[in-house]
Amino acid sequence: GTIRAADMIAVHPARHQDPRSDKNEFGTASLRKSKAEYHIDFTFSIVTTAVPWISGQSSIHGAIEKWGDGSDVHCKTFDFEAATEGEYWLIFRGFLLLHRDACSG
């Protein structure tokens, strides 16, 4: 599959608190539910809209708010783990820049 930058809602490091968690848990729900072991410092999730964003809709910011409110219907997550800290920062930074670029226009 593909991920369009315009559909990205968040780039969420596993070591950051999940804004959707009532228990102050870290990482995304999909990452916490995974049976695979992962290194929290080398793992992050990309949160995207469940339906591709269509130009002219109200705003990607509405989708961001729905993710923060806990709506699984509107979002999908893709979890990534890098082998080293250097690889983590390279990949994480790339996705973060794509997300910021998409949000600004």
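## Asp-41 and its partner

Asp-41 is partly exposed, with a relative accessible area of 35%; that class covers the range between buried (under 20% relative accessible area) and exposed (over 50%), using a 1.4 Å probe and protein chains only. Its side chain meets that of Arg-15 in a salt bridge, 3.8 Å from N to O. The term stands for a side-chain nitrogen of Lys or Arg within 4 Å of a carboxyl oxygen of Asp or Glu.

Helices (H or I, at least four residues) and strands (E, at least two) are DSSP runs, numbered from the N terminus.

## How to read the model

This is a predicted model, so to speak of local features takes a pLDDT of at least 70 and side-chain atom pairs count only at pLDDT 80 or more, whereas totals for chains, interfaces and linings use all residues. Residues are numbered from 1 along each chain as its sequence is written, and side-chain values use heavy atoms, with hydrogens and water left out.

## The other salt bridges

The count comes to four salt bridges. Side chains of opposite charge can pair when their charged atoms come close. One of the bridges joins Asp-18 and Arg-32 at 3.1 Å, N to O. Asp-18 lies in the loop between β1 and α1 and Arg-32 in helix α1, so the pair ties together parts 14 residues apart in sequence. Asp-18 is buried at 3% relative accessibility, while Arg-32 is partly exposed at 29%. Salt bridges with shared partners join Asp-18, Glu-25 and Arg-32 into one network.

Arg-4 bridges to Asp-7, with 3.0 Å between the closest N and O atoms. Here Arg-4 is partly exposed at 39%, and Asp-7 is buried at 8%.

## Aromatic pairs

Now for the rings: there are eight aromatic pairs. Rings of Phe, Tyr and Trp (its six-membered ring) pair if their centres lie within 6.5 Å; planes under 30 degrees apart count as stacked, over 60 as edge-to-face and the rest as tilted. Phe-44 and Phe-92 make an edge-to-face pair, 5.5 Å centre to centre with 75° between the planes.

Tyr-88 is buried at 0%, whereas Trp-89 is partly exposed at 39%. Ring pairs link Phe-44, Phe-80, Tyr-88, Trp-89, Phe-92 and Phe-95 into a cluster.
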